[in-house]
Every structure is written in C-alpha cells, then in structure tokens.
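The sequence and structure come first.

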Amino acid sequence: MLECLIMGDSIAVGVSQQRKECSAYVQSGISSPNFVKKFGDKAGTPAKSVIISLGANDFKVNTREHILKIREKVKADHVFWILPSEEKKPEAVKAVEEVAKQFKDTVIPRPEGKLISKDGIHPTPQGYKDLAAKTKVK
C-alpha cells in the first residue's frame, strides 16, 4: 500500500512537487474524461491517502460522471479533493462537492488572495505548499 497517491491536473502536478513522498498520476491540462481514459486503471491503487484535483479543464462534459468513475475505484483511508476555481468552473465545483460528500471525503478550497497566481487558477509556490500541508493526514 502506498503512503499517498496524487491524481489529476496541473494543480495536482504542483502538489506532487511539494509531496515528493507520494506517487502521482498527473498531467497538466488533463480533463476528467481524458484522465479516466489515460489513468483510470491506476485510480484503484491502494494508498493510505489519495489527493485528487480534476474538473478545472472540463469543457462541455459531465464532470460528475467522470470523477465518480475515478472515485468509485479509489481504495484509501483518506481522500482529499482540491476544488477547481468557483469563479471559473462553478459546475465542476458542484460536481466535486457532490461526489466528495457522497463518499465523506475532505474538500480543500482553491487558495485565494496572495496564494493564487495572477492567472486566477494556479496557486503560487506558497499556495502549493499550503495545499500540500492540508493534504497530510494527521
């Protein structure tokens, strides 16, 4: 069993750079449906904790359907979801919150203020450190 597993998009890439002890199936710009196609079989890798960041790159797809496929495979004691931007992707945020609630997972909001870069999407280096700290099981 892995200590931790990180799955998802560019935000997951950034968190994996801070959590080097974790295994990672990540790709910048990946959508939820493409993640299912490319890494879906890896989602069932047993881990003490799993960190997922998906939905920010979804356009005209049913985010909930795809992230549910991933979540149903996850075998972990603790699952953390990093939310997409509420302002840019409210439908994806809703989907993540619904799936997380269904499985009693922990939801981590996207950093704000000085912890988010000028693009309004990606955390700053300190923002990634903050996210990484919030994904550690205590």
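## Basis and terms

Buried means under 20% relative accessible area, exposed means over 50%, and partly exposed lies in between, with a 1.4 Å probe and protein chains only. By that definition, phenylalanine 35 counts as buried because its relative accessibility is 0%.

The model is predicted: local features need pLDDT of at least 70, side-chain atom pairs count only at pLDDT 80 or more, and totals for chains, interfaces and linings use all residues. Residues are numbered from 1 along each chain as its sequence is written, and side-chain values use heavy atoms, with hydrogens and water left out. Helices (H or I, at least four residues) and strands (E, at least two) are DSSP runs, numbered from the N terminus.

## Nonpolar cores

A nonpolar core is a set of buried Ala, Val, Leu, Ile, Met, Phe, Trp, Tyr and Cys residues joined through side-chain atoms within 4.5 Å. The largest one holds 23 residues, and the members that touch the most others are Met7, Val50, Ile52, Ile70 and Trp81. At least two residues of this core come from each of β1 (2–8), α2 (32–39), β3 (47–53), α3 (63–73), β4 (76–82) and α4 (90–103). Helix α4 gives the largest share, 5 residues. Apart from this core there is a second, separate one of 12 residues, with Val15, Phe80, Ile82 and Leu131 among them.

Contact means heavy atoms within 4.5 Å. With neighbours within four places in sequence left aside, isoleucine 52 is in contact with Met7, Ile70, Val74, Val79, Phe80, Trp81 and Ile82.

## Aromatic pairs and a charge over a ring

A pair of aromatic rings is described by the distance of the centres and the angle of the planes. Here, rings of Phe, Tyr and Trp (its six-membered ring) pair if their centres lie within 6.5 Å; planes under 30 degrees apart count as stacked, over 60 as edge-to-face and the rest as tilted. The whole structure has 2 such pairs. Tyrosine 25 and phenylalanine 39 have ring centres 5.9 Å apart and planes at 40 degrees, so this pair is tilted. Because tyrosine 25 lies in strand β2 (residues 23–26) and phenylalanine 39 in helix α2, the pair ties together parts that are 14 residues apart in sequence. Tyrosine 25 is partly exposed at 21% relative accessible area, whereas phenylalanine 39 is buried at 12% relative accessibility.

Phenylalanine 35 and phenylalanine 39 are also tilted, because their ring centres are 5.1 Å apart and their planes are at 45 degrees. Both lie in helix α2, 4 residues apart, about one turn of the helix. Tyr25, Phe35 and Phe39 form one aromatic cluster. Elsewhere, lysine 89 lies over the face of phenylalanine 59, at 3.5 Å from the ring centre; a charge sits over a ring if NZ of Lys or CZ of Arg is within 6 Å of the ring centre and within 35 degrees of the ring normal.

## Disulfide

A disulfide is a pair of cysteine sulfur atoms within 2.5 Å, and the count by this rule is 1. It joins cysteine 4 and cysteine 22, whose sulfur atoms are 1.8 Å apart. The torsion about the S-S bond of cysteine 4 and cysteine 22 is about -100 degrees, so the disulfide is left-handed. The pair links distant parts of the chain, 18 residues apart: cysteine 4 is in strand β1, and cysteine 22 is in the loop between α1 (10–18) and β2. Cysteine 4 and cysteine 22 are both buried.

## Helix α1

Helix α1 is largely enclosed by the rest of the structure, because 7 of its 9 residues are buried. These are Ser10, Ile11, Ala12, Val13, Gly14, Val15 and Ser16. The buried residues of α1 pack against β1, β2, β3, β4 and α5 (125–134).

Aspartate 105 lies in the loop between α4 and β5 (106–108) and counts as buried at 14% relative accessibility. Not counting residues up to four places away in sequence, aspartate 105 touches Arg71, Val79, Trp81, Val99 and Ala100. Its side chain and that of tryptophan 81 are joined by a polar contact of 2.9 Å. A polar contact is a pair of N or O atoms within 3.5 Å; within protein, one must be able to donate a hydrogen and the other to accept it, and residues adjacent in sequence count only if both atoms are side-chain atoms.

Serine 32, in helix α2, is buried with a relative accessible area of 0%. Leaving aside neighbours within four places in sequence, serine 32 is in contact with Leu54, Gly55, Asp58, Thr63, His66 and Ile67.
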